[in-house]
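Please look over the structure below.

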Amino acid sequence: HTPQQWLGEMLNKVTPDALSPLPGLLTNHPDPQLLDDLRQQFIYSLLEQLVTATNPFHERIVNFWRDHFIISMGKTSIPYMLFDYEQRLRQFAFGDFKDLLFQVTVSPAMLTFSDGRQNRQGNINENFSREVMELFTIGRGHYTEKDVQEGARALTG
């Protein structure tokens, strides 16, 4: 399946009267077997896309960005987040780096992976802010602790 087909199949499983899609996926205690099945389907769809792509160069660039802005399926366990993240990488792979960085930064997958849920006004989590500066953009030694703190404060919303 392509990622689009995979998402379509998952969305078809949602009943109109359900308050949350695919019961268990958006909770803290999801069905482990269902999540494992969805992850396997997602991985399969990525591999199929890589092999059957009409533009292999685009796939290589997306893979480059996937390796640069890395997230973990173990920590970002909600398949919808993974699909959304993949779509952001695909859409902005050849665009302006600033736009790509913004899309990655505000994606639910990256915010979950970087513990963004723990980032609160008055109790900021500097982890992601530091990673954006050190790993994703300007590199170690080119920012101050004040820069990290202000970046984390900006990410609190």
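The report covers a helix pair, a surface patch and salt bridges.

## Basis

This is a predicted model.

## Packing of α4 and α5

Two packed helices are described by the angle between their axes and the distance between the axes. Helix α4 spans residues 79-92, and helix α5 spans residues 97-105. Their axes lie 10 Å apart, at an angle of about 175°. Angles over 145 degrees count as roughly antiparallel. The two helices, α4 and α5, are therefore roughly antiparallel to each other.

From α4, the contact uses Tyr85, Arg88, Leu89 and Phe92. From α5, Asp99, Leu100, Gln103 and Val104 meet them. By type, the contact of α4 with α5 has 5 nonpolar, 1 polar and 2 charged residues.

## Salt bridges

Side chains of opposite charge can pair when their charged atoms come close. The whole structure holds 9 salt bridges. Arg88 and Asp84 are 4 residues apart in helix α4, so about one helical turn separates them. Arg88 also takes part in the contact with α5.

## Nonpolar surface patch

Ile43, Leu47, Leu50 and Val51 make a nonpolar surface patch of about 370 Å². Leu47 sits in helix α2, residues 32-52.

Definitions and conventions: Residues numbered from 1 in each chain as written. Predicted model: local features only at pLDDT ≥ 70, side-chain atom pairs only at ≥ 80, totals over all residues. Heavy atoms only, no water. Axes fitted to C-alpha atoms, helices over the stretch in contact; angles between N-to-C directions. Parallel < 35°, antiparallel > 145°, perpendicular 65-115°, else oblique. Contact = heavy atoms within 4.5 Å. Nonpolar A, V, L, I, M, F, W, Y, C, P; charged D, E, K, R; others polar. Patch = residues over 30% accessible without salt bridge, like charges linked within 9 Å, V, L, I, M, F, W, Y side chains within 5 Å. Areas by Shrake-Rupley, 256 points an atom, 1.4 Å probe, with all protein chains shown as cover. Salt bridge = Lys/Arg side-chain N within 4 Å of Asp/Glu carboxyl O.
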